[in-house]
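Open the model in your viewer and keep the sequence panel beside it. We will go from stop to stop, selecting as we go.

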Amino acid sequence: MFICSFALAGSTLVHAQDYHQEASLPVMGRITDGENKLEGCEVVTYRGNELIATSTTDKSGKFHAELALNGEYSLAFHKSGFVPKRILIDTSLPLRMGDLMFDPLMMDISLLAADKYQGVDTDELDYPFARVRYDEKTQTFAQDQEWTMGMQRTNGALLLAAGRVEKRSK
């Protein structure tokens, strides 16, 4: 059973006709605690290590970002009382592709309450929880399933360790 979830719908490729703006990948999503929408979450966007934008989720827990193509970004999600989560998005495309537009990359992000990790070091979770990049086979931006599964295993191991710490302290 995976406590932490990250759902991603692929972003499909649409060839632009008379599209003269700089091409970008729109990212849209919602943040919850697994059940309830989380209003007021901070969403921080970095290109490489450079902070480029900060926003907060609305009352529905929704957020939006525009990422220029051919860059590496991370979106960091923060809310007091929850363990932060980061997603890495590589918007690089094959060189042969011309002017493009993409449907939005849709994300559902679930944050876990920090008190579930009492007694364990959560530094291992300070890596991107998921990695997204362009998949030439499907011609969409898609989640790297192997990377995400590895992070889910790490998260599960920490939750088990926290459960053992809690049992010993009783």
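In which sense do strand S4 (residues 42-47) and S7 pair, and over how many bridges? They pair in the antiparallel sense, over 6 bridges. Keep in mind that this is a predicted model.

**Stop 1: strand S7**

Select residues 72-78, which are strand S7. Of its 7 residues, 5 are buried, so the rest of the structure largely encloses S7. Now show phenylalanine 77. In S8, phenylalanine 77 stands opposite lysine 85. S7 and S8 also pair in the antiparallel sense, over 6 bridges. Follow the hairpin of S7 and S8, with 6 residues between the strands. There, glycine 81 takes a positive phi near 90°.

**Stop 2: the nonpolar core**

Select Val27, Ile31, Phe63, Phe77, Ile87, Ile89 and Phe141. These have the most contacts inside the largest nonpolar core, a set of 29 residues. Strands S3 (24-32), S6 (62-68), S7, S8, S10 (105-110) and S11 (130-135) each give two or more residues to this core. The largest share, 4 residues, comes from S6. Zoom in on phenylalanine 63. Among the residues it touches are Val27, Ile31, Val43, Leu75, Phe77, Met107 and Ile109.

**Stop 3: threonine 91**

Move to the loop between strand S8 (85-90) and strand S9 (100-102), where threonine 91 sits. Is threonine 91 buried or exposed? It counts as buried, because its relative accessibility is 0%. Its contacts include Leu25, Leu67, Tyr73 and Phe141. Look at asparagine 70 as well: its C-alpha atom is 4.9 Å from that of threonine 91, though the two are 21 residues apart along the chain. A polar atom of the threonine 91 side chain lies 2.8 Å from the backbone oxygen of alanine 68.

**Stop 4: salt bridges**

The count comes to 3 salt bridges. Start with arginine 30 and aspartate 108, whose side chains meet at 3.8 Å, N to O. This pair links strand S3 to strand S10, 78 residues apart. Arginine 30 is partly exposed at 31%, and aspartate 108 is partly exposed at 35%.

Next select Arg131, Arg133 and Asp144, which are linked in a network of salt bridges. Arginine 131 meets aspartate 144 at 2.7 Å, N to O. Arginine 133 and aspartate 144 have their closest N and O atoms 2.6 Å apart. Aspartate 144 lies in the loop between S12 and H1 and arginine 133 in strand S11, so this pair ties together parts 11 residues apart in sequence. Aspartate 144 is buried at 15%, whereas arginine 131 is partly exposed at 23% and arginine 133 is partly exposed at 38%.

Terms used: Residues numbered from 1 in each chain as written. Predicted model: local features only at pLDDT ≥ 70, side-chain atom pairs only at ≥ 80, totals over all residues. Heavy atoms only, no water. Buried < 20%, exposed > 50% of the residue type's maximum accessible area, 1.4 Å probe, protein only. Contact = heavy atoms within 4.5 Å. Polar contact = N/O pair within 3.5 Å; in protein donor to acceptor, adjacent residues only side chain to side chain. Pairing = 2+ DSSP bridges. Core = buried A, V, L, I, M, F, W, Y, C linked by side-chain atoms within 4.5 Å. Salt bridge = Lys/Arg side-chain N within 4 Å of Asp/Glu carboxyl O. Lists of a residue's contacts leave out its neighbours within four places in sequence.
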